[in-house]
Amino acid sequence: MFRGACAICFLAGRWSLNDLSDKQKSAIIHTDSLITLDSLRNTNNHKNIIETIRKQARKMKEQRWTIHYTWVKAHVGIAGNELADKLAKRAARNKDLEVCYERIPESEWLRVLQEESMSQWEKDWQTTTKGPVTKSYFPSVKDRLRVSIPLNNNLTTFLTGHGKLRAYFHRFHILDSPECPCGKGDQTAEHLIFQCAILDKERSVFRNNILKLGGHCTNTLSELMLKYKKQYIEFVQSVNLEKL
């Protein structure tokens with residue numbers, strides 16, 4: 001909104017910028033968008049629409065205009081703000097108006113690219129035959145991304161099935177047998193979590209910690225990680241793989 005009758009005449013197209021005296025060249029621009037004001041102040045923001053506003057402001061200042069930006073609260077009955085909102089809605093519904101701004105915001109491009117990347121990543125994850133142990137923990141990419149994991153040697157071994165496990169070493173012919181010293185099955189990550197007799201004490205502590213939360217013991221790896229991450233990591237850290 002411009003201040004003064006002369007400015008209203010200017011907006012109506014009755015005067016050009018040069019028709020006004022320097023004293024009359026004063027404009028106050030009211031907006032209910034704090035994001036816009038912050039973007040104009042942010043010298044690192046070079047989005048097209050912000051640069052367009054700056055360019056117009058510089059042009060006016062070169063012609064001795066004084067411009068002030070102020071924030072007003074929306075939808076509280078301020079006449080100019082309500083009128084601007086009404087005109088914007090009318091223009092949005094008018095299909096006959098010529099398009100005056102057709103650039104797509106950078107944020108929208110980033111959102112679209114992120115969605116497409118996630119979709120392709122999810123497709124690749126669902127169709128791959130690799131990483132079956134990791135997929136048991138994270139059935140979808142979104143499941144993995146929503147969990148922050150402080151990776152270390154033990155946790156990586158349990159989440160991938162790769163590392164100091166007899167079944168893994170046997171797979172590469174480093175050991176003659178994949179069997180666990182407890183004698184109850186092959187020494188895989190899942191075996192250590194749910195079956196290994198050597199880890200009965202650690203497993204008991206793990207289960208009690210889950211019960212204290214009001215949870216329940218489960219044989220689903222994804223549930224262990226997504227619901228009881230803290231307790232699960234503590235259990236994994238208590239396992240001494242060197243001695244198994």
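Begin by selecting Gly 161, which directly follows H8 and adopts a positive phi of about 80°. The model is a predicted one, in which local features require pLDDT of at least 70 and side-chain atom pairs count only at pLDDT 80 or more, while totals for chains, interfaces and linings use all residues. Residues are numbered from 1 along each chain as its sequence is written, and side-chain values use heavy atoms, with hydrogens and water left out. Helices (H or I, at least four residues) and strands (E, at least two) are DSSP runs, numbered from the N terminus.

Next, select helix H8 itself, residues 153-160. At the start of H8, the backbone nitrogen of Asn 154 has a side-chain oxygen of Asn 152 within 3.2 Å.

Now display H11 together with H13. Their axes (lines fitted to C-alpha atoms, for helices over the stretch in contact) are 9 Å apart. The packing angle is about 170° (angles run from 0 to 180 degrees between N-to-C directions). H11 and H13 are therefore roughly antiparallel (an angle over 145 degrees). On the H11 side, Glu 202, Arg 203, Phe 206, Asn 209 and Ile 210 meet Gln 231, Tyr 232, Glu 234, Phe 235 and Ser 238 of H13.

Proceed to Thr 218, in the loop that links helix H11 (200-212) to helix H12 (221-227). Is Thr 218 buried or exposed? Thr 218 is buried, because its relative accessible area is 12%. Apart from neighbours within four places in sequence, Thr 218 is in contact (heavy atoms within 4.5 Å) with Phe 194, Glu 223 and Leu 224. The side chains of Thr 218 and Glu 223 are joined by a polar contact of 3.1 Å. A polar atom of the Thr 218 side chain also lies 3.0 Å from the backbone nitrogen of Thr 220.

Finally, select Thr 31, in strand S1 (residues 26-31). Thr 31 counts as buried because its relative accessibility is 17%. Its side chain reaches the backbone nitrogen of Ser 33 at 3.0 Å. Residues up to four places away in sequence aside, Thr 31 touches Leu 37, Thr 70, Trp 71 and Val 72.

Terms used:
Buried means under 20% relative accessible area, exposed over 50%, partly exposed in between (1.4 Å probe, protein chains only). A polar contact is a pair of N or O atoms within 3.5 Å; within protein, one must be able to donate a hydrogen and the other to accept it, and residues adjacent in sequence count only if both atoms are side-chain atoms. Angles under 35 degrees count as roughly parallel, over 145 as roughly antiparallel, 65 to 115 as roughly perpendicular and the rest as oblique.
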